[in-house]
Amino acid sequence: MSADTGARQLGGESVNRRGPLAMGVVTMIVYGLLWLIVGVTGLPVPTGVRLALDLAAVVGAGALLVASRRLQARGPSRVRRVRPHSMRWFHLINLAQTVLILAAVFGLLRADSPGLIVVAVCLVVGLHFLPLARIFDVPGYWWTGALLILVAAAGATAYGLDRSNETVRAVVGLPAAVALWSTALDVSRRG
């Protein structure tokens, strides 16, 4: 493990202090912003209101980023036990996530069901958090994954009832953003 990740060896396992967690927090804030924009575009409001909400979302993401940086500057509140090859598993999981998302997008477009794309993406993202909870010793990722899977189920239900892309985007995007931003703040606070 390299020194720039803030890790040191401890009895066959490494204690990872900041690198991957800080990267994860920033990633969750950015993707939370994207999910929020997806959700806002599904709301039945005039374009001007959507633009104002999108601007507020960008400002909110910036505020979260600043808050998370301040919290991370204090350092972690607990030592996480992370296996030496955790980053290799992380990259494999993200590769699998990308392949599944691409397969879902192309498959749903081919099946003429584009309204389910956000549902499928949310489901895959939720599933990808489950192994990350163990790999990085972040118990909150179990909740994040479970919440995103439930949000995907709600989106599938909305699609089955309404079939409106806008409704599905609002039902999936807004709660997915809240789940990711809440996780980012929790990880920033706990370390």
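User: How many aromatic pairs does a search of the whole structure find?

Analyst: This is a predicted model, in which local features need pLDDT of at least 70, side-chain atom pairs count only at pLDDT 80 or more, and totals for chains, interfaces and linings use all residues. Residues are numbered from 1 along each chain as its sequence is written, and side-chain values use heavy atoms, with hydrogens and water left out. Rings of Phe, Tyr and Trp (its six-membered ring) pair if their centres lie within 6.5 Å; planes under 30 degrees apart count as stacked, over 60 as edge-to-face and the rest as tilted. The search of the whole structure finds two such pairs. In one, the ring centres of Phe 90 and Phe 136 are 5.6 Å apart and the planes stand at 65°, so the pair is edge-to-face. Phe 90 is in helix 3 and Phe 136 in the loop between helix 4 and helix 5, so this pair links distant parts of the chain, 46 residues apart. Phe 129 and Tyr 141 form an edge-to-face pair, with 5.2 Å from centre to centre and 75° between the planes. Here the parts tied together are twelve residues apart in sequence, because Phe 129 lies in helix 4 and Tyr 141 in helix 5.

User: Are Phe 129 and Tyr 141 buried or exposed?

Analyst: Buried means under 20% relative accessible area, exposed over 50%, and partly exposed in between, with a 1.4 Å probe and protein chains only. Phe 129 and Tyr 141 are both buried, and Phe 90 and Phe 136 are buried too. Across the chain of 191 residues, buried residues make up 41%.

User: What is the secondary structure of the chain?

Analyst: Helices (H or I, at least four residues) and strands (E, at least two) are DSSP runs, numbered from the N terminus. The chain has six helices and three strands, and along the sequence they follow the pattern β-β-α-α-β-α-α-α-α.

User: Which residues have the most contacts inside the largest nonpolar core?

Analyst: In soluble globular proteins, nonpolar side chains tend to be buried together. A nonpolar core is a set of buried Ala, Val, Leu, Ile, Met, Phe, Trp, Tyr and Cys residues joined through side-chain atoms within 4.5 Å. The largest one has 44 residues, and Trp 35, Cys 122, Tyr 141, Leu 148 and Val 172 have the most contacts inside it. Two or more residues come from each of helix 1 (19-41), helix 2 (47-73), helix 3 (86-110), helix 4 (117-135), helix 5 (140-162) and helix 6 (165-190). Helix 4 gives the most, with twelve residues.

User: What does Cys 122 touch?

Analyst: Contact means heavy atoms within 4.5 Å. Leaving out residues up to four places away in sequence, Cys 122 touches Trp 35, Leu 148, Val 151, Ala 152, Val 172 and Ala 176. For the chain, take contacts between residues at least 6 apart in sequence: 75% of them join residues at least 24 apart.

User: Which residues lie nearest the centre of the largest pocket?

Analyst: On a 1 Å grid over the protein atoms alone, a pocket is an open set of points where a 1.4 Å probe fits, with protein on both sides within 12 Å along at least five of seven lines; lining residues have an atom within 4 Å of a point. The largest pocket is lined by 23 residues, with Thr 27, Tyr 31, Gln 97, Val 125 and His 128 nearest its centre. Helix 1, helix 3 and helix 4 each give two or more residues to this lining, and helix 1 gives the most, with ten.

User: Where is Asp 112, and what is its phi?

Analyst: Most residues other than glycine have a negative phi, and most peptide bonds are trans. Asp 112 is in the loop between helix 3 and helix 4 and has a positive phi, near 55°. At 64% relative accessibility, Asp 112 counts as exposed. Ser 113 is placed in the loop between helix 3 and helix 4 and counts as buried, at 15% relative accessibility. Phi of Asp 137 is also positive, near 55°, and Asp 137 is found in the loop between helix 4 and helix 5.
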